[in-house]
Amino acid sequence: MKKILKLILKCLCVLLPLLGFCLYAGTGMLGYADDEAPYYLWNKDFGKQAHAETYDVLILGDSAANAAYMPEKLSSGTVNLSLGGTTPVVNYYILSDWLKKNPAPKELFLSVQDFHLSRADCYWGRTVYTHRLTALQNLEILWKAEQYQERSVAQRGWLLDLIRYELYLPDVYSTAILNSIGSDRPEINQEAQDSIVLHKGRYIGVGDQTYQDSQEIVFDSFQVGELFDVYTRMLLDLCEENGIRVHIVKLPLPPNEVFTPEYKEELQEYYQSLTDSFENVEFVWYSEPYPATCFADQTHMNGFGAARFSSFLKSEFPECFGSD
């Protein structure tokens, strides 16, 4: 009996601190997380709430979309729910969550960088890390990713990894927590959330940093992974079921980024297959480059570029944004 009691005490000595750590990590993420976590957390809270205000236009996509679409310039009924690093996979669930608590928007603008149709570079480090999606949603994603052998999502040992994240285990979160001790990270993260509220979801490229383009960047092969194609079509299906008009927009890029004829043909063929398959879906490619002064880097518009693009978009789609 004494041996059993000693064993129980030893287990408690290990498990209780671990349990305390997990509880702390789960409830205080805004106080210790870094990078884009406060924006993901805001997006999660905002996207899952029922809102008294009606939003007629939703913006979805990745960081390029977040930087380019400026709700303040578009309309009071526009909100930018795009998130850095996301693919159509995560965007499908963002819209699905929104529709559970809010009326369907009339219009949806979707902009995803081409490479986010072939791989996910931030799924674990941002989406899973911040618990933007539920465990069941992540399981659905990972199961499909395993079926399509999409290793940028379903990495080796993904089930065990998901459990580690869902339980906030120390090997995932301890570094951020330790780095936050004695820092002003809670205040910085709160300021970040205050800013994203002010800009109605936009947080990337808020500033006047200017891209210094020098070397030509050539795109010569357009590829779409099976998982990302499946979720793109699931997203468009969801829009069709809810009477949402979809505008898939390929955003302008700086002048040093060029596409080969083969790339253009492959890209146009893919989006033509989408517009042929779904009603109320259009594809718009603003292929005329914007000057480098409109960008913070080779992908993301700065404040000047976003204001220019959003003003242009508003004039192009007065039926979506009004003409005021």
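A crossing of two helices is called right-handed if the near helix is turned clockwise from the far one by less than a right angle, and left-handed if anticlockwise. With that in hand, welcome to a few close-up views of this predicted model.

**View 1. Helices α6 and α8 pass each other in a right-handed crossing.** The axes of α6 (residues 88–101) and α8 come within 11 Å and cross at roughly 145°. On the α6 side, look for V89, Y93, D97 and K100, which meet Q137, E140 and I141 of α8.

**View 2. D97 and R132 join their side chains in a salt bridge.** The N to O distance here is 3.4 Å. Because D97 sits in helix α6 and R132 in the loop between α7 (123–128) and α8, this pair ties together parts that are 35 residues apart in sequence. D97 counts as buried, at 4% relative accessibility, and R132 is buried as well, at 0%. K100 belongs to the picture too: D97, K100 and R132 are linked in a network of salt bridges.

**View 3. D114 and K250 form a salt bridge between their side chains.** The pair meets at 2.9 Å, N to O. D114 lies in the loop between β3 (107–111) and α7, and K250 in strand β5 (residues 245–250), so the bridge ties together parts 136 residues apart in sequence. Both D114 and K250 are buried.

**View 4. E146 and R151 meet in a salt bridge (3.0 Å, N to O).** E146 is partly exposed, with a relative accessible area of 22%. R151 is also partly exposed, at 27%. By the rule used here, the model's salt bridges come to nine.

View 5. Helices α8 (135–147) and α9 (158–166) each supply at least two residues of the patch, and α9 gives the most, with three. Take L160 as your guide: this residue lies in α9 and, at 57% relative accessibility, counts as exposed.

**View 6. Q268 in helix α13 (residues 261–277) is in contact with F283 and W285.** Those partners are found once neighbours within four places in sequence are left aside. Q268 and F283 are 15 residues apart in sequence and 8.9 Å apart in space, C-alpha to C-alpha. Q268 counts as partly exposed, at 40% relative accessibility.

**View 7. T299 sits in the loop between β7 (281–285) and α14 (303–316).** At 17% relative accessibility, T299 counts as buried. Beyond its neighbours within four places in sequence, T299 is in contact with A64, Q113 and E257.

Definitions and conventions:
Residues are numbered from 1 along each chain as its sequence is written. This is a predicted model: local features need pLDDT of at least 70, side-chain atom pairs count only at pLDDT 80 or more; totals for chains, interfaces and linings use all residues. Side-chain values use heavy atoms; hydrogens and water are left out. Helices (H or I, at least four residues) and strands (E, at least two) are DSSP runs, numbered from the N terminus. Buried means under 20% relative accessible area, exposed over 50%, partly exposed in between (1.4 Å probe, protein chains only). Contact means heavy atoms within 4.5 Å. Axes are lines fitted to C-alpha atoms, for helices over the stretch in contact, and angles run from 0 to 180 degrees between N-to-C directions. A salt bridge is a side-chain nitrogen of Lys or Arg within 4 Å of a carboxyl oxygen of Asp or Glu.
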